[in-house]
Amino acid sequence: MSLFRAAFDAVRKGLQKTAAAIGGQLRSLLLGRALSEELIDEIETRLIAADVGVKATRELVDGLRAEFRSGRVARGEDALEYLKQSLKARWPADSRAIAVAAQRPTVVLVVGVNGVGKTTSVAKIAKSLKDEGRTVLVAAADTFRAGAVAQLSVWSERLGVDIVKGKAGADPAAVAFDAADAVIARGIDVLLVDTAGRLHTQENLMRELTKIRNVLAKKIPGAPHEVLLVLDATSGQNAVQQARLFAAAAGVTGIFLAKLDGTARGGIVVAIREELAVPVKLIGVGERPEDVQPFDPDAFIEAMFAQ
Ligand SMILES: Nc1nc2c(ncn2[C@@H]2O[C@H](COP(=O)(O)OP(=O)(O)OP(=O)(O)O)[C@@H](O)[C@H]2O)c(=O)[nH]1
Ligand SMILES: [Mg+2]
C-alpha cells in the first residue's frame with residue numbers, strides 16, 4: 001500500500017456503497033434505453049441525491065443536455081460514459097500527493113472536528129510511510145479527551161513507530177515542541193501530529209492550533225508542511241460546509257476524506273472539488289491501518305461506476 005499510488009481494488013471495495021447509489025442507479029436508469037429530456041432530468045435528481053452537489057450536477061447535466069440536443073449522445077450507454085468522462089475531467093493533473101519536505105523532517109498536522117477519524121488516519125499514514133521505509137514519530141497532541149493518548153499509544157506500539165505524549169491536560173503545544181525536538185534528535189523522517197477534535201467556532205481551541213503551528217514552525221523550517229483536515233464522508237454536504245469554515249481558519253493544505261466505506265455519499269468528493277480550494281489528498285476506506293489510499297480521480301470515478 002502506497003500513499004502515492006492508488007490500488008484500484010481497495011478503492012473499489014471502499015466505494016461499494018457509493019457505487020450502488022451512483023453507478024448502480026444510473027446503470028439501471030440508462031442501460032438499454034434511448035436518452036431523452038426526461039431521462040436527463042432523472043439523472044439530475046439522482047446525482048443531487050448522491051451528494052455530488054448542486055453546482056457540479058448542473059454543469060454535468062447541462063453538458064449532457066447539449067450533447068443530446070446536438071445528437072452526439074443518443075443512447076443511455078453513451079450518457080453513462082459521458083458522465084464518467086466529464087467527472088474525471090473535473091480534476092486537472094495537479095499534485096495531490098502529501099507534501100514530503102526536501103529536507104528531513106516533514107511535519108504533518110492532522111486537524112478536524114470530533115470523531116471524524118483523525119487518530120485513525122494518523123495511524124494509517126504512519127503505517128503507509130513506515131511500509132515505504134520512512135521513519136515516523138507520532139505526537140499525541142490531543143491531551144483533551146480522556147483516552148486519546150492511550151488510543152494513539154496502542155497504535156504506535158502495534159505499528160512499531162515512535163510516540164511522544166504529554167500527560168492528560170498538558171499543553172498540546174508543549175507536546176508538539178517535545179515531538180519536534182525528538183524527531184530532530186533522532187533523525188526521523190516524518191512527524192505526524194494528532195490533535196483534539198474542535199469546531200472552527202471554538203476560538204480558544206483554534207488559538208491552540210495556531211500555537212501548535214507556531215511551535216512547529218520555530219523548530220523545523222517550513223513546518224507544518226502539510227495540514228490535513230480529516231472529514232467524515234458519512235456526513236455528506238455537512239462535511240463540505242465544515243471544511244469551508246475550517247480550512248480558512250486553520251491553513252489547511254489537504255483533505256483526508258475518511259469513512260468512505262461506510263457511506264453511499266462518496267459523490268461528496270465532487271462537491272468538495274467544486275466548492276473548496278483545498279484538494280482531497282487521501283481517502284479512508286476502512287478501520288484498519290492499511291485502509292488508506294491516495295485520492296486518484298480516475299480510480300475514484302471508475303470505482304464509483306463499478307459493478
Ligand atoms: N469505517 C471506517 N471507520 C473509520 C474510518 N476512519 C476512522 N473510522 C472510525 O471512526 C471512529 C472515530 O475515529 P477516531 O480516529 O478516534 O476519530 P478522531 O477524529 O480522532 O476522534 P476525536 O479524537 O474524539 O475527535 C473510530 O471508530 C474509527 O475506527 C474509515 O475510513 N472507515
Ligand atoms: Mg482522536
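Against which helices do the buried residues of α5 pack? They pack against α2 (16–30), α4 (54–69), α11 (268–275) and α12 (297–304), where contact requires C-beta atoms, placed from the backbone, within 7 Å. This is a predicted model, in which local features need pLDDT of at least 70, side-chain atom pairs count only at pLDDT 80 or more, and totals for chains, interfaces and linings use all residues. Residues are numbered from 1 along each chain as its sequence is written, while chains are lettered from A and ligands numbered from 1 in the order in which they are written.

**Overall fold**
- The protein chain has twelve helices and eight strands; these are DSSP runs numbered from the N terminus, helices being H or I of at least four residues and strands E of at least two.
- Along the principal axes, the C-alpha atoms of the protein chain fill a box of roughly 65 × 40 × 35 Å.
- Of the 307 residues in the protein chain, 47% are buried (20 or more other C-beta atoms within 10 Å of the residue's own; exposed means 12 or fewer, and partly exposed in between, with C-beta atoms placed from the backbone).

**Helix α5**
- Helix α5 (residues 76–88) has 13 residues and should span 18 Å at 1.5 Å a residue; its end C-alpha atoms are 19 Å apart, which agrees. The expected span is 1.5 Å times one less than the number of residues.
- Gly-76, Ala-79, Leu-80, Leu-83 and Leu-87 are buried in α5. They cover an arc of only 100° around the axis, so they lie on the same side of α5; the arc is that of the directions from the helix axis to the C-beta atoms.

- Gly-117, Thr-119, Thr-120, Gly-197 and Gly-284 come nearest among the 21 residues around ligand 1, a residue being near if its C-beta atom, placed from the backbone, lies within 6 Å.
- Helix α6 (residues 118–131) provides the largest share of this shell, three residues.

**Asp-181**
- Asp-181 is found in helix α8 (residues 172–186) and is partly exposed, with 13 other C-beta atoms within 10 Å.
- The C-alpha atoms of Asp-181 and Ile-220 are separated by 9.1 Å, although the two are 39 residues apart along the chain.

Definitions and conventions. Contact = placed C-beta atoms within 7 Å.
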